[in-house]
Amino acid sequence: MILAIGVLAASCAVALEILHWKTSMIVVGILVFVYNIVMHRKWIYIAIRTFSRDMSAIWCYIKILKLTRNFTKNNWSMPDIFHQVVKKHPHKSCFLFEDETWTFQQVEDFSLRVSAVLKAQGIKRGDTVGVLMSNIPEMPATWLGTARIGGISPLINTNQTGNALLHSINIAKCDALIYGSEYENAIQEVKKEFNPAIKLFKYTRRPLNTLPNHVQVVNTPDDFASMLETTPPGKWFLSDSEGFNGKLTYIYTSGTTGLPKAAVISPSRMCFMASGVQYLGFLNTSDIIYCPMPLYHSAGGCVTVGQAFIFGCTVVIRTKFSASAYFPDCIKYKATVGHYIGEMCRYILATPPSPTDKQHTVRTVYGNGMRPIIWTDFVKRFNIKRVVEFYGATEGNANIVNVDNKTGSIGFISRIIPAIYPIAIIKVDPVTGEPVRNKHGLCELAKPNEPGVFIGKIQPNNPSRAFLGYVDKEASEKKIVRNVLSHGDSAFISGDIIISDDLGYLYFKDRTGDTFRWRGENVSTTEVESAISKCADQRDAVVYGVEV
């Protein structure tokens, strides 16, 4: 560079000496332009290649900020946001489930009944009402009704039993628990260890629109279905809650050192997750979205339910995922968008070829975990026009989305305007997982094609950049790294190893911590070790994940 500057200076001097000053200024300008082209040719090349991608993402980001600014101004919680959608099209289908159709008005009416029943049972603002229900329309409608009176709903994993179930209820400090009748045995197994003050409500599902006198109503103190059937939906009222940035639900994430942790989800966090996929995935309000994902996780319960509650899309709910039924169901419900996780795609791809592979109307699929090794085969076989792969930890403060259908990518970091979205990839010690720091004590950024850990910068005064963490504050503190890019700043550290290429595209590489994937869930190896040890007369066990 010094040599190049010297040559440029000498050339300018010669031009000034032998040419007219006007001509020499033109020559100098040309020389400076050529110098910048030569010295910054890589940056210019990257800018040309990525300009369209970056501008498209920025435009979508502006729309997200505009949407959330309106919600922040009104300080709406999720029931208030949903009510605006209901007013626009009350009779439009909100949820399709088996042979049932739930309109937006019916979902709100059900949630108003829930609000009335819980209020009559003494549930008030700030109380915690656990929800242990399977994938049915009543599940999101129940936590919506709880939120209207200011309650917080931990969404409990329905696969849990025994100590794990008890832990999830206790860590959330539940004041009440609404559970599906199919989980009666699991509840009875641990009921004696509950806090005696906890209120239990059992929900036995009836077919939609079944009148109370058409069913045998068992009027027991904890019969939540009977309470709902005998309680008319009250008039709509503005939520009595902490508003857009308050607590809405708790969603459980795998603990790398033990049992699940309860991550705090606010209406603002849910809105950012859902709107990121809506805008960056180029969805629209007329879409019918097929969702076989569990509604107690953020992917199904926030991202996809959010498409209905915030944007007015129709969501198809399936009780459990079936590889052979995925695209036949999409045909049945005329779905235009499908939700996936990587393991699902492998199972679907492993099914025998069928005419239904391309008879559907699905143009876009979104989700996370689509591995590059099956990506191309999947979109080719099932004629998928766009794959919207996204990445983001439930408890985190940053999501990224593949906006331009780049095979294998989970999103990108802009190379031309990196500060526009405060995320980064930092170097970590491969053994300890601790950030690598320079002589000034700050974290070192990973270079292109160098693995590092994904972080999201925390800006406490900006709801979109705040880190809500877990109910357990000590556990939350462990996910924060300080003095990252400047002294005094902080960031959420995901623990996931990501790698970026020269154009800024990001690719998932590995997960730090002792976890493995099982049916789309992150499972703690420590928790499995504990279960095995208990069954093996307390002998030690070592559990680790392997690549499939």
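This is a predicted model: local features need pLDDT of at least 70, side-chain atom pairs count only at pLDDT 80 or more; totals for chains, interfaces and linings use all residues.

**Strand E20 and its partners**

Author: Strand E15 (residues 411-412) and strand E20 (residues 505-511) run antiparallel and are joined by 2 bridges. In one of these pairings, Phe 412 has Tyr 505 of E20 as its bridge partner.

Between E19 and E20 lie 4 residues, and the two strands form a hairpin. Within the turn of that hairpin, Gly 504 has a positive phi of about 95 degrees. As background, side chains in a regular strand alternate between the two faces of the sheet.

Helix H4 (residues 78-88) and helix H6 (residues 138-148) have axes that come within 8 Å and cross at roughly 115 degrees. On the side of H4, the contact is made by Met 78, Pro 79 and Phe 82, and on the side of H6 by Trp 143, Leu 144, Ala 147 and Arg 148. Of the residues in this contact, 6 are nonpolar, 1 is charged and none is polar.

The other region is helix H12 (residues 326-333), which contains Ile 331. Ile 331 counts as partly exposed because its relative accessibility is 31%. Leaving aside residues up to four places away in sequence, Ile 331 touches Thr 356, Gln 359 and His 360. The C-alpha atoms of Ile 331 and Gln 359 are 7.0 Å apart, although 28 residues separate the two in sequence.

Technical notes: Residues are numbered from 1 along each chain as its sequence is written. Side-chain values use heavy atoms; hydrogens and water are left out. Axes are lines fitted to C-alpha atoms, for helices over the stretch in contact, and angles run from 0 to 180 degrees between N-to-C directions. Contact means heavy atoms within 4.5 Å. Ala, Val, Leu, Ile, Met, Phe, Trp, Tyr, Cys and Pro count as nonpolar, Asp, Glu, Lys and Arg as charged, and the others, Gly among them, as polar. Buried means under 20% relative accessible area, exposed over 50%, partly exposed in between (1.4 Å probe, protein chains only). Two strands pair if DSSP finds at least two bridges between them.
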